[in-house]
Amino acid sequence: MKILVAVKRVVDHKVNVRVKADETGIETANVKMAINPFCEIAIEQAVRFKEQGSVDEVVLVCIGPKEADVQLRAGLAFGADRAILIRTDEEVQSLDVAKILHKIVQEELPDVVLLGKQAIDTDNNQTGQMLAALTNMPQGTFASNIVFSVPNTVKVTREVDGGLVTLALSLPAVITVDLRLNIPRYASLPNIMKAKRKVITMTSPVSLGVSLSPRLTTLKVESPPVRQAGVKVADVAELVDKLQL
Amino acid sequence: MAILIVADHDNHTLQAATFSVLTAASEIAKHIRDTELHLLIIGDECQSVVAMAQGITGLSKILVSDHQIHQYPLAENIAPLIFSLVQEQGHCNDENRVFDKVEYSHIITSAGTTGKDYQPRVAALLDVAQISDIISVESADTFKRPIYAGKAIATVQSSDAIKVLTVRSSAFTAASLTTELLAIESQVPVVALAAQADSGKSAFIKAELTQSSRPELTTAKIVISGGRGMQNADNFELLYTLADQLNAAVGASRAAVDAGFVANDLQIGQTGKIVAPELYIAVGISGAIQHVAGITGSKVIVAINNDPDAPIFDVADYCLVADLFEVLPELIAVLKVKD
Ligand SMILES: Cc1cc2nc3c(=O)[nH]c(=O)nc-3n(C[C@H](O)[C@H](O)[C@H](O)COP(=O)(O)OP(=O)(O)OC[C@H]3O[C@@H](n4cnc5c(N)ncnc54)[C@H](O)[C@@H]3O)c2cc1C
């Protein structure tokens, strides 16, 4: 069995992002970049399946600038086998990401595509579902548990508004992961060294036959309204009084 | 032209989120000449939902797909249904054999876990973008939405003919029902859609839903949340007691969920639920940006934390620097006396 894991390069979640003064976007110059935390969980899960013997090969795929090889190496150091970098310096919107991943799926024929449920920059939560539509695969979104079962089925427990729901999906399937699925490992030094020798294949949207066609234009990016600084209350009595409880 | 609103419901009642989506849809309609609002109800044995929807003013039509395959909402079945509805740009009204020509400009639903599941799938089938979590309508094609956990608000314009949207329901006030709720003589015509085959690709196995007699988190007037500072699940009893005194819902930070103090559906934040109550009380929560992303719509925020430097105090209106294990029993006692 083969798992394809999509990996997005984003501003590190610990960075306190700032809106550019001209309101055209977010300040990203000299900002620390990292693997989207949800994608990291997806990589971890794929590698765990491999370690348990239920999966033979884990392939990472990233769409981004050439610097994204740093994130791919980090993912390879978890234990993934090889990686594909689809190089572009353009902004790639969810539908185009899904179209590019669709091409990779056609080449690689994975049994499962694992993605993060959302990227923490755009907070879109769309790509996995779009890929499922394009590939006509079933989808298990917001997964907190994944169990393979016979025949050719995967059981996915999803975190939904009311609690948890479990679905059975026929393979091949698209699964997007939630935070609770696992806690990603820290790669060991030997594995980081090993990852240096693993193969990262480079390609581009054009070579895959996808011409990017962004449908959304960002007219403005502004800071949210700031909340006024509050007041200190001395004790419970004052709090109850202020809130008129 | 028409706007297609997809209803949130549990086969019995329409959920509050749909009334906020109706408000967003009406705001879009204001920017379009001659448009109608159509409500799509997808479910199984959902007659009572249809009856309730007939009490909504402003709707021109209710489309119903009442079928066993929709007992549980599966994206693999819902997306093709919506796609065919929009693709055909019309549908047959069985009873009087009228073929209505409709052009849908927008497909809109709430950004709950169901809408987030199928809307991107619908958009990809239509080969259009999807816009998630809109918090305001600027025009028929331009919307505002939070990005980077709400640290920035983007204004985005769509060039697609059909806009597929999810709405952050807490950002729009709920439309109201007419007094003729369940009115049999309602003017809103109901169109039954033809049955459709199951995709055969996914199947519902089981649901483990949280049972609670307390108000629903996303619509409650008061929300009390606990974080890692609560230390364990047992201590959450303090919050439950307080919540019952105030008729409040109970929420939690991701850390409290991860530590197993409470169920995952209580999580508030960037990747959990978005709340906008009159009063939000954060107890033993540090105020990480990912948590704050889910609470900034609250009218009044109270923070109880023993660390005077906790970032939650930067967004709170009332700050109580104290040990929660002293504050909570005291608060419960005071409210008991007042009761
Ligand atoms: C991609 C991503 C997404 C995330 N999404 C979310 C999300 O949606 N929602 C969310 O909440 N988090 C989310 N997180 C996690 C978030 O970053 C924080 O780790 C989390 O919110 C911290 O929870 P906490 O405030 O309960 O815990 P802590 O940060 O550990 O804070 C505990 C607080 O309790 C206080 N305290 C301790 N004891 C007492 C006492 N006796 N009396 C009073 N105060 C006390 C402490 O001073 C401290 O401020 C996400 C993280 C990532 C990386």
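1. Let me start with a loop in chain A: A:Pro151 sits between β7 (139-149) and β8 (153-160). Please keep in mind throughout that this is a predicted model. The peptide bond that links A:Val150 to A:Pro151 is cis, with an omega of about -10 degrees.

2. The β7-β8 loop of chain A also holds A:Asn152. This asparagine has a positive phi, near 50 degrees, and it is a residue other than glycine. Is A:Asn152 buried or exposed? With a relative accessible area of 54%, A:Asn152 is exposed. As background, most residues other than glycine have a negative phi, and most peptide bonds are trans.

3. Chain A has another cis bond to look at, running from A:Leu171 to A:Pro172 with omega near 0 degrees. A:Pro172 belongs to the loop that lies between β9 (163-170) and β10 (173-177) of chain A.

4. A:Asn30 is worth a look too, as its phi is positive, about 55 degrees, although it is not a glycine. You will find A:Asn30 in the loop between β2 (9-11) and β3 (33-35) of chain A. A:Asn30 counts as exposed because its relative accessibility is 83%, and the cut-off for that class is over 50%.

**Chain A as a whole**

5. For an overview, chain A contains 6 helices and 13 strands. The C-alpha trace of chain A spans about 65 × 45 × 40 Å along its principal axes. Chain A has 245 residues, of which 54% count as buried. Among the contacts in chain A between residues at least 6 apart in sequence, 69% join residues at least 24 apart.

6. Which residues of helix α2 (residues 69-78) of chain A are buried? They are A:Gln71, A:Leu72, A:Gly75, A:Leu76, A:Ala77 and A:Phe78. Just after this helix comes A:Gly79, with a positive phi of about 130 degrees.

7. A:Glu108 is a charged residue in helix α3 (residues 94-108) of chain A. A:Glu108 counts as buried because its relative accessibility is 13%, and the cut-off is under 20%. Its side chain makes a polar contact of 2.6 Å with the side chain of A:Lys2, and another of 2.7 Å with the side chain of A:Arg82. Apart from neighbours within four places in sequence, A:Glu108 is in contact with A:Lys2, A:Val59, A:Arg82 and A:Ile84.

**Where the two chains meet**

8. Now to the interface, where 78 residues of chain B and 72 residues of chain A take part in the contact. The area buried between the two chains is about 6400 Å², and carbon and sulfur atoms give 55% of it.

9. How many salt bridges does the rule find across the interface of chain B and chain A? There are 7 salt bridges. One of them to open in your viewer joins the side chains of B:Asp317 and A:Arg227, at 2.9 Å from N to O. On the side of chain B that touches chain A, the residues divide into 39 nonpolar, 18 polar and 21 charged. The rule also finds 49 residue pairs in polar contact across this interface, with both residues at pLDDT 80 or more.

10. Strands pair between the chains as well: β13 (residues 231-232) of chain A and β18 (residues 318-321) of chain B run in the parallel sense over 2 bridges. Within this pairing, A:Lys232 has B:Cys319 of β18(B) as its bridge partner.

11. Last, please look at B:Asp160, in the loop between β10 (152-158) and β11 (163-167) of chain B. B:Asp160 counts as buried because its relative accessibility is 6%. Across to the other chain, the side chain of B:Asp160 makes a polar contact of 2.9 Å with the side chain of A:Arg215. In chain B, the side chain of B:Asp160 reaches the backbone nitrogen of B:Ala129 at 2.8 Å. Leaving aside neighbours within four places in sequence, the contacts of B:Asp160 are A:Arg215, B:Asp127, B:Val128 and B:Ala129. By contrast, B:Ala220 is 60 residues away along the chain, and its C-alpha atom is separated from that of B:Asp160 by 36 Å.

Technical notes
Residues numbered from 1 in each chain as written. Chains lettered and ligands numbered in written order. Predicted model: local features only at pLDDT ≥ 70, side-chain atom pairs only at ≥ 80, totals over all residues. Heavy atoms only, no water. Contact = heavy atoms within 4.5 Å. Buried area = accessible area lost by both parts, 1.4 Å probe. Salt bridge = Lys/Arg side-chain N within 4 Å of Asp/Glu carboxyl O. Polar contact = N/O pair within 3.5 Å; in protein donor to acceptor, adjacent residues only side chain to side chain. Pairing = 2+ DSSP bridges. Helix = DSSP H or I, 4+ residues; strand = E, 2+ residues; numbered from the N terminus. Buried < 20%, exposed > 50% of the residue type's maximum accessible area, 1.4 Å probe, protein only.
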